[in-house]
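Thanks for asking me to look this one over. My notes follow as numbered points, with the structure first.

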Amino acid sequence: MANEPISSDELERRLKIAEQIASAVEAVLRESDTRNRLLIETWAQAVWETDASGVVVGDSPSWRAYTGQTLEEWLGYG
């Protein structure tokens, strides 16, 4: 049974399920990103994001308010 070809209707059904799952995952990721961004933008502490080599890749409005840096000055090596 495992090696039998599937019908086009079954393939279509499976693709539709996969699309629904992908759509749900994207919605959850968007919501998570929104919550994370809101936390970072409103938290009184300075929070920022760097890549593995220490280059700043995410904004920190609280840090920029504290230092007076522009976004352009902050990104990179801050």
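1. Arg64 has a relative accessibility of 21%, so Arg64 counts as partly exposed (buried means under 20% relative accessible area, exposed over 50%, and partly exposed in between, with a 1.4 Å probe and protein chains only). The side chain of Arg64 meets that of Asp59 in a salt bridge, at 2.7 Å from N to O (a salt bridge is a side-chain nitrogen of Lys or Arg within 4 Å of a carboxyl oxygen of Asp or Glu).

2. Before going on, please keep in mind that this is a predicted model, in which local features need pLDDT of at least 70 and side-chain atom pairs count only at pLDDT 80 or more, while totals for chains, interfaces and linings use all residues. Residues are numbered from 1 along each chain as its sequence is written, and side-chain values use heavy atoms, with hydrogens and water left out.

3. Ser60 sits in the loop between strand E2 (56–58) and helix H2 (61–67) (helices, H or I with at least four residues, and strands, E with at least two, are DSSP runs numbered from the N terminus). Is Ser60 buried or exposed? Its relative accessibility is 0%, so Ser60 is buried. Apart from neighbours within four places in sequence, Ser60 touches Ala46, Val47, Trp48 and Trp74 (contact means heavy atoms within 4.5 Å).

4. Val57 belongs to strand E2 and, at 46% relative accessibility, is partly exposed. Setting aside neighbours within four places in sequence, the contacts of Val57 are Glu49, Thr50, Asp51 and Leu75. Leu15 is 42 residues from Val57 in sequence, and their C-alpha atoms are 36 Å apart in space.

5. How many salt bridges are there by this rule? The count is four. One of them joins Arg14 to Glu10, with the closest N and O atoms 2.9 Å apart. Both residues lie in helix H1, four residues apart, or about one turn of the helix. Arg14 is partly exposed at 44% relative accessibility, and a network of salt bridges links Glu10, Arg13 and Arg14.

6. Arg35 also forms a salt bridge, with Glu31, and here the closest N and O atoms are 2.9 Å apart. Arg35 and Glu31 are four residues apart in helix H1, so about one helical turn separates them. Glu31 is partly exposed, at 47% relative accessibility.

7. Finally, do look at Val25, which is in helix H1 (residues 8–42) and is partly exposed, with a relative accessible area of 44%. Together, Ile17, Ile21, Val25 and Leu29 make a nonpolar surface patch of about 360 Å². Patches are made of residues with over 30% relative accessible area and no salt bridge, joining like charges within 9 Å and nonpolar side chains (Val, Leu, Ile, Met, Phe, Trp, Tyr) within 5 Å. Accessible areas come from the Shrake-Rupley method with a 1.4 Å probe, and for residues only the protein chains shown count as cover.
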